[in-house]
Amino acid sequence: MRIISLSAIIIGLLAVPAAAQDSRMQQILDRLENANQWRDHVMIVAHRGGWKEGGRIRNAENSMAGVRRSIELGVEIVELDVQKSKDGEYIVLHDSWLDRTTTCKGRAVERTLAELQDCRLVVEGTGEVTAESVPALRDMFAVTRDRVMVNIDNKMEVEDLAGVAAIAREMNMADQVIIKQNLWNSEKLGAMTEAMAAIGEGVRFMPIIADDAVDDVRFIEKVGRTFSADVVEMIAWRGEDQGMTANGGALFGARSRAVSARGDWHLWVNTFTIINKPGGYLAGGRGDELVQADYPQETFGFWAEQGATIIQTDEPKAAIEWLEKNGYRVPYAERIEPADTASIN
């Protein structure tokens, strides 16, 4: 029998390119799927693809430029808003109306995908008209595939998510897509279980739990177990007259951390701003407004200490820099580069 020495094995491994051994996407998937192993690493989600930076709007929301910037910064996930065009094509757009974010007027559902190609994305605030049109989901997936995960914010019916999953499977990136839905009682849990059966295997599902409807950690555990979830999104509402939370509210604390550890899944929190709502509306008053006022400890630091291992923010650059500097993120072995726009059909 031929005996291969340990040194020969090591040399052979070193000869394999780093990308082949452990690609950046594989590292992201590993950190998502093995929450307990990576509770010392807070993952970052760029809200609306990554449109803000340093308290100002830098890119058109849900744009390829924003997604490429997010990839460049090193986020693990980009959140994209998905709906349908008149001819049933999946598009990436937040509002049902085109007026705010494009050069066109009217409802998106009243235009075909070809017609939407004439609607240029606009950088809100500056009014800058970009060279990008309303993107088809398929084209956006070409930018994200093998570079960053995608969290789908569904602006359609739950039944439409099966089509999103079909595109992801066709492009061999089903495991890189996370769909989500609000759940707050057993009836909703049953309906989503049926919906996921129709959607099929491969695509990940993330339940959303809000503390205005759920305060029993046992229900969260039931939800996570039902869907074999990798992550549960937790909403810590802030009322109109409430100040900053001191403990994270009903969905955070020792019991939630214990439940997430037993299930080996992540706790996700949102810190992004919602216009015309109190600061930190989704984060118990501890949102991106504090980051922009130069108090990142009170936002990113607070939620990391409460057990959140995924943070969705409009300030991904600030989040990554502060978390890495303060020991809440573990550097990746490989840097990932954004897609070359010239190669996108």
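**Helix packing, cavity and pocket in a predicted model**

The axes of helix H8 (residues 186–199) and helix H9 (residues 217–226) approach within 11 Å and cross at roughly 10 degrees. Because angles under 35 degrees count as roughly parallel, H8 is roughly parallel to H9. Axes here are lines fitted to C-alpha atoms, for helices over the stretch in contact, with angles running from 0 to 180 degrees between N-to-C directions. Helices (H or I, at least four residues) and strands (E, at least two) are DSSP runs numbered from the N terminus.

This is a predicted model, in which local features need pLDDT of at least 70 and side-chain atom pairs count only at pLDDT 80 or more, while totals for chains, interfaces and linings use all residues. Residues are numbered from 1 along each chain as its sequence is written, and side-chain values use heavy atoms, with hydrogens and water left out.

On the H8 side, Ser186, Leu189 and Thr193 meet Phe219, Lys222, Val223 and Thr226 of H9, contact meaning heavy atoms within 4.5 Å. By class, this contact of H8 with H9 has 3 nonpolar, 3 polar and 1 charged residues. Ala, Val, Leu, Ile, Met, Phe, Trp, Tyr, Cys and Pro count as nonpolar, Asp, Glu, Lys and Arg as charged, and the others, Gly among them, as polar.

The UniProt annotation "domain: GP-PDE", from an unreviewed entry, covers residues 42–323. Over residues 42–323 the chain is 30% helix and 22% strand, and the end C-alpha atoms lie 7 Å apart.

The largest pocket holds about 700 Å³ of space. A pocket is an open set of points on a 1 Å grid over the protein atoms alone, with protein on both sides within 12 Å along at least five of seven lines, and lining residues have an atom within 4 Å of a point. Of the 28 residues lining the largest pocket, His47, Arg48, His94, Phe272 and Ile274 lie nearest its centre. Strands S4 (77–84), S8 (149–154), S9 (177–182) and S11 (231–235) each supply at least two lining residues, and S9 gives the most, with 3. The lining of this pocket has 9 nonpolar, 8 polar and 11 charged residues.

A search of the whole structure also finds 1 cavity of 30 Å³ or more, a cavity being a set of points where a 1.4 Å probe fits but cannot get out. About 40 Å³ of space lies in the largest cavity. Its lining includes Trp51, Arg58, Asn59 and Pro316. Helix H4 (64–73) and strand S2 (52–53) each give two or more residues to this lining, H4 giving the most, with 3.

Definitions and conventions
Parallel < 35°, antiparallel > 145°, perpendicular 65-115°, else oblique. Points joined across faces, edges and corners; volume = space filled by probe spheres on them. UniProt positions renumbered as here; feature names shortened; annotations may be inferred.
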